[in-house]
Amino acid sequence: MNNLDNDIKVKLVKEALSSSERAYSPYSNYCVGAALLSASGRIYTGCNIENSSYGATNCAERTAIFKAVSEGEKDFTAIAIAGHKRGEKPVEYAFPCGICRQVMAEFCKKDFIVIVAVSDEDFKEFTLDELLPESFGSDCIV
Ligand code: THU
C-alpha cells in the first residue's frame, strides 16, 4: 500500500484546484483540475480541454498523465482531482471517468492513490484498484 505524507496530499489538492482555473470548457462550463505525482517527485498538472466536436474533449486527468508520459515519466504515485462549475467552488467530489480510469490502469499500479477533493481540507482517497477492479490490461493480450 502506498503511504503518502498528508502535506504532499494537500499540495496535490491545491495544485488540482488551481489547475481547474485553467480549464478550457466553454461547452459544459465545468472546470476540472488534476495534479499527478510522479515517483521522481515531480508534479504534472492538467485541466479539461473541450472541443466543439465534443468527443475530442480531453479530461484533466488524461491531460496530466499525457503531459507526464510525453516528458518521459511512467511511474506514478498519486493524482488529485477537483471539479466545479465555472466561477463556483467545488461542492462534490469529482471522480475520474471510465476512460481516465483505464488510462491510469495503463501506467499505474493497483495501489496508485486517487484523491478526490472539495477543498484542501475536505478530500478522500481511493486506490486505483478500488475504482477500477478486475481491469483489462496488457497482461490479457501478451
Ligand atoms: N471531465 C474531466 O476533466 N475529468 C473527468 O474524469 C470527468 C469529466 C471533464 C470533461 C468535460 O470537459 C467536463 O468535465 C464535463 O464532462
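I count Ala, Val, Leu, Ile, Met, Phe, Trp, Tyr, Cys and Pro as nonpolar, Asp, Glu, Lys and Arg as charged, and the others, Gly among them, as polar. I note that this is a predicted model, in which local features need pLDDT of at least 70, side-chain atom pairs count only at pLDDT 80 or more, and totals for chains, interfaces and linings use all residues. Residues are numbered from 1 along each chain as its sequence is written, and side-chain values use heavy atoms, with hydrogens and water left out.

Entry: largest pocket.
I looked up the largest pocket and recorded a volume of about 320 Å³. A pocket is an open set of points on a 1 Å grid over the protein atoms alone, where a 1.4 Å probe fits, with protein on both sides within 12 Å along at least five of seven lines; lining residues have an atom within 4 Å of a point. The volume is the space filled by probe spheres set on the points, which are joined across faces, edges and corners. Of its 16 lining residues, A105, S135, F136, G137 and D139 are the closest to the centre. By class, I recorded six nonpolar, four polar and six charged residues in this lining. Helix α3 gives the most, with three residues. Helices are DSSP runs of H or I with at least four residues, numbered from the N terminus.

Entry: F136.
I placed F136 in the segment after α4. F136 lies 31 residues from A105 in sequence and 8.3 Å from A105 in space, C-alpha to C-alpha. Beyond its neighbours within four places in sequence, I found F136 in contact (heavy atoms within 4.5 Å) with Q102 and I141.

Entry: α2 and α3.
I noted that E61, R62, I65, F66 and V69 in α2 meet I99, C100, V103, M104 and F107 in α3.

Conventions
Helix = DSSP H or I, 4+ residues; strand = E, 2+ residues; numbered from the N terminus.
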